[in-house]
Amino acid sequence: MTFPSNGTSIERWTTSSRLALAAMAMALVILAVAPAFLGAGMIDRMTALFIYVILAAMWNALAGFGGLVSVGQQVFFGLGAYFTIRLADAGLNPFVALFVAAIVTGALSIPLSLFMLRLKGGEFAIGMWVVAELVHLLVNLDRLIQGETGTSLISLNVYDSTTRRATIYWLALIAMAALLGTLFILMRSRAGAAMQAIRDNEDAATSVGVRVIATKRLLFVLAAFGIAVAGGLWLATATTFQPKTYFSVQWTAYMIFMVLVGGIGKFEGAILGAILFFVIETFFGGTGVWYLIGLGATAVLFSLYLPHGLWGEIERRFGLQLLPVGYRLTLPDLLKDKR
Amino acid sequence: MINTLIQGILLGGYYAVIACGLSFMFSVMRIINLAHGSLAVAAAYGLWLLASKFGISPFAGLLIVLPVMAAFGWLLQRFVLERSARGGTLLPILTTFGLSIVIDNLLFEQFGADTRSLAPFIGNLSYASWQLPGHIFVGKLAVMMMATAIVILGGLQFFLSRFALGRAIRATAEDPDTAGLVGIDARRVNAMATAITMVTIGIAGAFLAMRATFSAYAGAPQLLFAFEAAVIGGAGSLWGTLAGGIVLGLAQSLGAQLHPQGFLIGGHVVFLLVVFLRLFRSGVPTFSKIRAFFLRSPA
């Protein structure tokens with residue numbers, strides 16, 4: 001497999017993408033100092049936004065780049081929170097526990113990937129859902145959790161609420177930046193080229209020697225880890241752990257909504273989708289059932305009429321590439337094929 | 001013990017009924033319909049509404065609900081599934097998942113959080129039983145469900161092999177373009193197949209509501225049961241789906257004997273075991289076998 005790499009990487013960057021990266025760096029700096037100016041309520045909302053971005057980016061990595069649509073990603077969200085509780089109960093600092101829990105969850109996803117990844121399409125999608133249900137039931141058996149009653153992350157109580165709020169905010173910001181950065185670098189690596197080849201045509205990718213299963217496993221484990229981080233962070237903000245809430249398929253529904261609306265398989269799409277979801281939730285979340293009906297209906301309409309999402313539309317209309325991932329940008333004729 | 005086994009086997013009848021619609025739709029349109037369970041629950045609410053508001057017996061109610069389901073299936077294929085299936089294999093998963101969220105929450109909006117059942121409207125059928133030797137009681141409803149499962153599965157097989165429309169469905173599933181060359185309208189055929197699927201979903205919904213209680217969010221577990229039964233059975237013959245349902249029913253009944261929470265755990269564990277073993281034996285995804293079951297020409 002030969003790619004015309006040799007110093008062409010510089011050509012991946014356009015003026016708009018340089019500006020976008022600079023803007024993102026600026027945004028991160030502003031977000032990092034923001035807690036000094038924001039009220040408590042705003043800090044909590046922003047933390048939620050970071051968690052949504054993580055969820056969307058991770059589900060997008062799996063479905064958009066790996067072609068693996070899972071309806072059971074809530075299993076990793078729930079496990080991230082569950083292991084955090086378990087480790088904190090064993091005496092680990094809750095903030096440290098959150099990341100160790102994600103590593104444990106990521107490690108568990110490796111043996112799981114061995115056989116789940118051999119399922120195809122809808123079989124994988126619902127198979128993951130079955131796994132999530134099973135894990136939910138097993139977690140309920142744990143004495144510490146007390147079934148659906150759940151338990152809370154008591155060890156967080158040693159921090160006063162201001163410190164706690166700010167720490168969780170920064171952790172969420174760091175986690176989001178790190179996961180997005182990892183994904184971005186990964187997408188521009190050799191594995192990233194493989195991923196995009198799989199996304200575009202799995203059979204063709206196999207035929208040119210892409211190690212499809214290994215690449216998918218990488219995405220599967222990364223998504224498991226990232227979503228577990230999100231679960232742990234959510235637990236840190238909510239402090240209570242009720243299995244039913246954390247293992248709810250609703251989380252996957254949110255991920256699907258964010259990615260579908262933003263643009264599946266687009267790096268920028270997931271971020272855009274998460275921001276949109278956050279805004280919609282802020283304004284309509286209070287309407288409960290109708291809000292969920294609206295989300296479902298919007299997801300259906302997007303999948304039917306705008307399957308590349310809003311970012312796909314923006315990209316097509318304006319030829320915009322903010323965060324270029326992968327090699328296809330060096331080859332203008334291949335770029336045309338994408339359209 | 002023998003009692004547990006018999007109850008488990010009979011429970012399999014229900015699972016076979018609900019699984020056959022999922023498998024049939026996959027075999028014809030290659031769509032795994034994630035709104036499958038929600039649609040069954042919607043049918044159950046329809047029957048409940050007719051019975052509680054208008055005093056129509058659930059069995060008579062089926063005469064109204066099943067045609068409505070069939071008509072809805074036609075529209076669903078024409079306006080939603082057809083379009084989403086053109087976008088590849090992943091898009092229908094997303095579309096039908098979104099659809100299930102809409103249906104679940106609309107039902108919740110309309111009917112609230114109370115659990116319902118059709119049991120009060122079918123006389124003593126929900127608990128009536130025959131006594132077998134050795135103090136074993138066999139529920140009349142359970143036997144009825146098993147009989148229905150056999151009739152539906154056998155009927156579908158017979159329909160696909162002996163009727164012109166059945167043959168057209170098989171031809172379209174194999175190769176819509178070639179089928180078109182010999183004058184088969186693929187769009188019409190697929191819409192008919194979805195309508196037929198919806199009739200089986202309606203029957204499954206009726207049984208769900210007669211044998212237990214249901215609520216607006218009961219659709220997801222039904223989808224998982226249907227999926228598990230279909231995958232465990234793996235088809236290959238008329239008995240594949242039925243056997244899958246029975247194995248699932250047995251696993252759940254035995255699981256419940258072992259632990260209070262074991263009912264669902266038993267089913268999920270057996271499902272994963274089957275997937276695990278099958279992958280290492282052949283590596284062939286199950287649903288392709290299910291396609292072969294429904295689409296194979298009769299021996």
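This is a predicted model: local features need pLDDT of at least 70, side-chain atom pairs count only at pLDDT 80 or more; totals for chains, interfaces and linings use all residues.
A salt bridge here is a side-chain nitrogen of Lys or Arg within 4 Å of a carboxyl oxygen of Asp or Glu. Both residues sit in helix α14 (residues 309–318) of chain A, 3 residues apart, about one turn of the helix. Helices are DSSP runs of H or I with at least four residues, strands are E runs of at least two, and both are numbered from the N terminus. A:Arg316 is exposed at 52% relative accessibility, whereas A:Glu313 is buried at 18%. Buried means under 20% relative accessible area, exposed means over 50%, and partly exposed lies in between (1.4 Å probe, protein chains only). A:Glu313 and A:Arg316 also belong to a network of salt bridges with A:Arg317.

Residues are numbered from 1 along each chain as its sequence is written, and chains are lettered from A in the order in which they are written. Local features need pLDDT of at least 70 and side-chain atom pairs count only at pLDDT 80 or more, while totals for chains, interfaces and linings use all residues; side-chain values use heavy atoms, with hydrogens and water left out.

Over all chains, the count comes to 7 salt bridges. One of them joins A:Arg86 and A:Asp142, with the closest N and O atoms 2.9 Å apart. This pair links distant parts of the chain, 56 residues apart: A:Arg86 is in helix α3 (residues 74–89) of chain A, and A:Asp142 is in the loop between α5 (121–141) and β1 (151–152). A:Arg86 is partly exposed at 31%, and A:Asp142 is buried at 13%.

In chain B, B:Glu82 and B:Arg187 meet in a salt bridge (3.0 Å, N to O). B:Glu82 lies in helix α3 and B:Arg187 in helix α8 (residues 186–211), so the pair ties together parts 105 residues apart in sequence.

What, then, lies between the two chains? The contact (heavy atoms within 4.5 Å) takes 42 residues from chain B and 40 residues from chain A. Together the chains bury about 3,800 Å², 83% of it on carbon and sulfur atoms; buried area is the accessible area (1.4 Å probe) that two parts lose on being put together, summed over both. Across this interface the rule finds 0 salt bridges.
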